[in-house]
Amino acid sequence: MNPEKFYITTPIYYPSDKLHIGHAYCTVATDAMARYKRLQGCEVMFLTGTDEHGQKIEDKAKGAGVTPQQFVDNIVTAPGGVLDLWKLMDISYDRFIRTTDGYHVQAIQKIFKQMYENGDIYKGAYKGKYCKDCESFWTDSQLVEGKCPDCGRAVQDAEEEAYFFRLSKYADRVQDLLENTGFLEPRSRVHEMVNNFIKPGLEDLCVSRTSFTWGVPVDFDPGHVVYVWIDALFNYMTALGYQNDEHHDLEKFWPADVHFVGKEIVRFHSIIWPAMLMSMNLPLPKKVFGHGWLLLDGGKMSKSKGNVVDPYLLSERYGVDALRFFLLRSFPFGSDGNFSNELLIQTINKDLANDLGNLVSRTTAMAGKYFDGVLPQEHRFHGEMDDELVKLASGLRDRYEDAMEHYAMHKALDEVFQVIQRANKYIDENKPWLLAKSSEDKSRLACVLYNLLETTRICGVLLTPFMPGSMEKLFAQIGAEEALRTWESAGQWALLPKTVSVHKGENLFPRIDMEKELKELEEVTAKAAAPVQEAEKVPEYISIDDFSKVQLVTAKILACDAVPKSKKLLRFTLDCGEGQPRQILSGIHEYYEPEQLVGKTVVACTNLAPRKMMGLESNGMLISAVKEEPDGTEKLHLIMLDDAVPAGYGLC
């Protein structure tokens, strides 16, 4: 018996300024599963959203000259952003959460405080390696050739005051959960988590930051913001109403039936997430399913690597449904898959044009040609010639269901296309064009066409979660009314009326000329990239009024010392000609020692909003230049002036 309610989630996505097909992969799979469950009659909650806090976004916003909130708003809600991509890909989410939503922020503050009060969060100091791109902390032993094991980028030394979650306290319980239940799938992910993270010794987790401000403030210690993974993971519950009054679905839908996540964040979802729920005495989700990556030329798609595939371009050329189908037909969901334009076109041609499209086109064309689109009442069945197809199609729903319940969507599609291929063979075996030549065989011809239409109807119902728009067109062509498009009807044979009315329409999936298309695709891709390259060269001008808002003055360094417990920060005491010293903190310790700088004349911005770092207030910013070295690293140079220039002079 199927459950009456089903709660499924995608991870909430970091709002990247360049969305690619890899971003859509998990969400398309989640959408297909949600549609399948709705087809079964379940009340479904499908949650997705955006993870909008963290140092990465703060830095990007600063580089773009906007506030972090403006930065994420521009990406999430602007044309071509996250919401537009989900609309394009026909994603039928029930709820969309942003971690900047006020109700979520307040709920996270309550959760953090509760974990602190129950003794599972304590204050300390973090010292180790940090990957800003993955927003992950690593030990030296976890690094791969000194770099982040997830993304392969350089890590940086991090040292700051922080709160920690007693993750080590839950190591045994989490290991038991992973090894002795079906909580995490595929099973290969279990071995990876246990052997790589738990058995070497699970360390307590840093859960707050003080080196940046864009995050959920710790309300009882304002210098701290909540580490992004507590903020992000609890969205699965806050979106239902946990610790807030915005929604009221927690009792109905929690625990979640399944979290679909990419393999790079399985560690957070299968170790950290259950441990935090254990700390709060909350029910655990029933399952975490870690899918593979979509690879291009053997590597993960990534904007930084320049190897992204534009879903807008592909959808425009081939249709959204063809793209959705390709993603879930071509790659086992739990494994990595190698994307190529050739494979995409091959899949469209073979499965959609040759098999499904050909079946629909031939069947509806023959019904129109031989019966003016309306089958006669008399149908003459032939046991040996009909039974195999009827049996295969009648039992399809059960085989399909078994695959879908195991999240093996490619296997479910394989079952459907075995039936479609058998139906095409059935046409060749029965040769309707010969039956049409004899008036005595008209009832036999009607039976053959009816069996093809009924097979197509059942396959169409089961393909609806994958290609919803195209299946609406298919049903209209074969004369299947709404009542014959249900889950129940997919398990029954001979529901179409014998005198079904058929309407041949447009070719659902036209065949693509591979050689011609690949050439055109290459040209279109090059043209699409050209305006972006040109646009990047155009300077973004500001007015003199904008420039005059920035107060840049000369400043004498009276004193300089290292900030305790920080490898980066230097504390400057400056004479800016204001009659009293000004304190500014600057993260340049890796480039300068304090004694080198005392007495120097530098440039300071003095009307920047005050900011706390490591518990100290910084009132402004020192101006530096960044130079890229031959080895690709960047070196910072503090701008210094002639020491004869007095303090407090404005720059113009």
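Lysine 263 lies over the face of tryptophan 293, at 4.5 Å from the ring centre. A charge sits over a ring in this sense if NZ of Lys or CZ of Arg is within 6 Å of the ring centre and within 35 degrees of the ring normal.

The model is a predicted one, in which local features need pLDDT of at least 70 and side-chain atom pairs count only at pLDDT 80 or more, while totals for chains, interfaces and linings use all residues. Residues are numbered from 1 along each chain as its sequence is written, and side-chain values use heavy atoms, with hydrogens and water left out.

As a whole, the protein comprises 24 helices and 25 strands; helices (H or I, at least four residues) and strands (E, at least two) are DSSP runs, numbered from the N terminus. Its C-alpha atoms fill a box of roughly 110 × 55 × 45 Å along the principal axes. Of the 652 residues, 52% count as buried, where buried means under 20% relative accessible area, exposed over 50% and partly exposed in between (1.4 Å probe, protein chains only). Among contacts (heavy atoms within 4.5 Å) between residues at least 6 apart in sequence, 74% join residues at least 24 apart.

The aromatic side chains come next. Rings of Phe, Tyr and Trp (its six-membered ring) pair if their centres lie within 6.5 Å; planes under 30 degrees apart count as stacked, over 60 as edge-to-face and the rest as tilted. By this rule there are 27 aromatic pairs. Tryptophan 254 lies in the loop between helix H10 (250-253) and strand S11 (258-262), and tryptophan 273 in helix H11 (residues 266-279), so the pair ties together parts that are 19 residues apart in sequence. Both tryptophans are buried. Trp254 and Trp273 also belong to one aromatic cluster with Tyr7, Phe234, Tyr236 and Phe253.

Arginine 329, in helix H13 (residues 320-330), counts as buried because its relative accessibility is 15%. Leaving out residues up to four places away in sequence, arginine 329 touches Thr347, Asp351, His410, Leu413, Asp414 and Phe417. Histidine 410 is placed in helix H17 (residues 409-430) and, at 21% relative accessibility, counts as partly exposed. Beyond its neighbours within four places in sequence, histidine 410 is in contact with Leu328, Arg329, Phe331, Pro332 and Phe333. Histidine 410 and phenylalanine 326 are 84 residues apart in sequence, yet 9.7 Å apart in space, C-alpha to C-alpha.

Serine 586 belongs to strand S18 (residues 582-586). With 10% relative accessibility, serine 586 counts as buried. Apart from neighbours within four places in sequence, its contacts are Lys568, Leu569, Leu570, Phe572 and Leu622.
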